[in-house]
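Thanks, everyone. I will take a few minutes on how the chains meet in this one. Please have the sequence and the model open.

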Protein chains: 4
Amino acid sequence: MKVGIFGFGRAGRSVASVFLQSPDTVLEWVVRRSSKMEHRSVPEFLGIPADNPGLIYSRDEYTADELFDLHPVDVVVDFSSEDGIDYYGEAAAKRDIAIVSAVSNYPRDKVALLKKLARRTAVLWSPNITIGINFLMLASKVLQKIAPYTDIEIVEEHFKAKADVSGTAKRLADALGIKHNRIKKIRAGGIIGTHEILFGFPFQTVRLKHESISREAFGNGALFAATNLYGRKRGFHTMEDLLLPYFAL
Amino acid sequence: MKVGIFGFGRAGRSVASVFLQSPDTVLEWVVRRSSKMEHRSVPEFLGIPADNPGLIYSRDEYTADELFDLHPVDVVVDFSSEDGIDYYGEAAAKRDIAIVSAVSNYPRDKVALLKKLARRTAVLWSPNITIGINFLMLASKVLQKIAPYTDIEIVEEHFKAKADVSGTAKRLADALGIKHNRIKKIRAGGIIGTHEILFGFPFQTVRLKHESISREAFGNGALFAATNLYGRKRGFHTMEDLLLPYFAL
Amino acid sequence: MKVGIFGFGRAGRSVASVFLQSPDTVLEWVVRRSSKMEHRSVPEFLGIPADNPGLIYSRDEYTADELFDLHPVDVVVDFSSEDGIDYYGEAAAKRDIAIVSAVSNYPRDKVALLKKLARRTAVLWSPNITIGINFLMLASKVLQKIAPYTDIEIVEEHFKAKADVSGTAKRLADALGIKHNRIKKIRAGGIIGTHEILFGFPFQTVRLKHESISREAFGNGALFAATNLYGRKRGFHTMEDLLLPYFAL
Amino acid sequence: MKVGIFGFGRAGRSVASVFLQSPDTVLEWVVRRSSKMEHRSVPEFLGIPADNPGLIYSRDEYTADELFDLHPVDVVVDFSSEDGIDYYGEAAAKRDIAIVSAVSNYPRDKVALLKKLARRTAVLWSPNITIGINFLMLASKVLQKIAPYTDIEIVEEHFKAKADVSGTAKRLADALGIKHNRIKKIRAGGIIGTHEILFGFPFQTVRLKHESISREAFGNGALFAATNLYGRKRGFHTMEDLLLPYFAL
């Protein structure tokens, strides 16, 4: 599977590193908005041996059509920003290239665009592309179905400066149909991020807990998404969709 | 659903209390080996209002055939001891009464007997009938399938006097195909029992944790087992079997 | 050290059991309000071998003066109710018998009475007499002094039916001079009680956590209080006072 | 307080950043073995505004005597390597400059050298200079003194590749006089490092837990060490020594 990545910030680098180390994927290129690191080799930059040069290009160097024709890929993975999709979306859909987007804050019209593109190619969008969180969401739904009488509380811990309740905690609550006041927010020091879903039974508790070790936790999730999206026909997907089949034991 | 219980120790009482409070079940009787509390009313003894007298009988008062004919039930729940099945097994199977046994340490010949009875009626045997532990086992299998490259460690905590690694931890390890040396045993004070399955990713961890609040945690599990076994045809079941359909989201 | 106990509810029994098993204390008697169990032997009732009969008396059988003259003790431990002190307080103070009270909800006039008695004998009052919680309070104060720039959050978990923030959590917050909105309240199922004090540093966290295994956790605390109060002269004490010398390493 | 730092790896940078942000300290310089970043400004490099240029020098540029004469400091903080002390030790001691060394693996002769230098100036050596771990060690000693009958277990979690039991866990065990087999080692994925000391009482548990968020956790510890060492006369110190007075509440 040939992969191209948009974005080379902290998350993008970590994702590139996971793809470079996977035996099943070839990193063809990374595209950045800026031309600063143009034509440097990603494997060399990250110190990971690879057969493929895996160069960095800038958006100004090629149109997306030129990019995909000169350097074809099967899947693109987008860790850039909300306007990345404007650059490559149409060109990718036209060529049936699968799109994995981990951009967290799309305005409505971009989400609509993603869904429109999904009529022509396979598209996945996940604002939190970690395997752990999405697994927690589904496993919690299962337990809630098994034991609907349990009390569910969500505890999320983050660094002091994060003012609002985490978007992930809200999505967990929504998925379980519980009110947002069951989310308990802890703010202290430099905690990167933990989410715990607590199920209270009369004489036992079950806790499903996810801890982020670094903000680079997206690599394995993106690889999972790309691998499981690859070969699918057109359609709009979420991480949940791709994880669901694994729950049929 | 009419239910009879064998055994009225700590676990048996807790289970009786859960069945009495469930709107879907009627507790018909409890049978004890000893005649000490003969003909006392279980709802009265436990202080839980109920329409049905729910009396305590002793094994000496009736044969199982007499018991089932005079006081018919749909399901029997066994929290007595390994020889309980000798008293009621044949009589229950003959009448197509479902059998839920939570006796933890059967010798081989009793397990064989259970399986033989299962050719004629629905039988479930679970040495740890809590919902939490059995959910953990299945959810862990799912996550292992999703992320086979993660490192899995099992941590179990129990009271000082418990010498050996817990049987539950061993069963968790076996279900996941990991070696018993991945089980880390903590022994301190009066800890009732916790089991944690830890999945280590490169940049995140997922922890699935079960804590027992009291040794009476079996009530909800037994109710779940009885409710989900009721109406099934003959066959030998485990808690995992009954939980599996809930994983098909 | 000869000890008498007031109150024989769940906490009182657990405390009696700890005193019976301590090589340094002799349980002289237990006094109950009701005469139901009059003259039964506590060691026999609890199944703990002891040289001393350790009988149960009722408040009606003796006045406190008669009790103390016929069955002298060095320390009384009070797990009864707010009016226990009216029965025995004056008689104990007069004889220089140390008083350990773990009654949690005294009205103001009883606290005043305790302090008045403390002018004549050693008195300790602790509404949460566990060693764990009181240790946590002092250790947290130390860490706050060492690292005043850390963010402190208190997380307390209890059973569903407990509506209010726990009194213990409030006392912890007050001791640390932090606002009560830093207490995060978790309510689920049958959780007995946990308190965690979380210190957030930029790149590390410290968590001090107390978990109650059963509501009988007061025994070791009461023994510690009695042992450390015994031999002290008159004065009003708290668990913190008695723990403080142990912090001078 | 004027400070100089030896070493500018990951830990050294993090420490420099904490000193730059403290109102009580002025970062005079950083000395590296390599001349690569010579004469760059540390505040500029780290993006932290400061009045002082805070330049980077190399060991080859100056002898330590020249360095201290041209750019005098009150305290040096050493995050370099075991031979750093050979470069600056004698010159610092001669000028009564306090020495804080966080080098973790000194051979015996270097420890002897540190102690020799301590006859002339204040020296602190700590192989794990975090406040959290050293606080845990002392608080645990206090609790062990209060409740010597508790069972103590140490649980340490680290990344998969760390083969041996952590040196910190061993030092915790030694400080508490418990055997190393009470240390339970968890190895999974990319866990940075946690240490938990668990005290088991009959009916309660106390857990003191330290979690490292990043390998840069040494900044606050080094600042604490430098601030508390400054003004002390000659002598050899540990983090424990400096923390002890804070335990006298």
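Predicted model: local features only at pLDDT ≥ 70, side-chain atom pairs only at ≥ 80, totals over all residues.

Strand S10 of chain C, residues 204-212, and strand S10 of chain D, also residues 204-212, pair in the antiparallel sense over nine bridges.

Now the contact as a whole. On the chain C side there are 35 residues, in contact with 35 residues of chain D. Which elements of chain C each supply at least two residues of the side that touches chain D? Helix H6, 131-146, and strand S10 do. H6(C) gives the most, with 10 residues. By class, this side of chain C divides into 21 nonpolar, eight polar and six charged residues.

How are chains C and D related? A rotation of 180° with 0.0 Å of shift along its axis superposes chain C on chain D, with an RMSD of 0.1 Å. The two copies are therefore related as by a two-fold rotation axis. The same surface serves both copies, since 100% of the contact residues of chain C recur in chain D.

On to chains A and B. Their contact takes 35 residues from chain B and 35 residues from chain A. On the side of chain B that touches chain A, helix H6 (131-146) and strand S10 (204-212) each supply at least two residues, and H6(B) has the largest share, 10 residues. That side of chain B has 21 nonpolar, eight polar and six charged residues. Here, nine bridges join S10 of chain A to S10(B), and the two strands run antiparallel. Val206(A) has His210(B) as its bridge partner in S10(B).

Key
Residues numbered from 1 in each chain as written. Chains lettered and ligands numbered in written order. Least-squares fit on C-alpha atoms with pLDDT ≥ 70 in both. Contact = placed C-beta atoms within 7 Å. Helix = DSSP H or I, 4+ residues; strand = E, 2+ residues; numbered from the N terminus. Nonpolar A, V, L, I, M, F, W, Y, C, P; charged D, E, K, R; others polar. Pairing = 2+ DSSP bridges.
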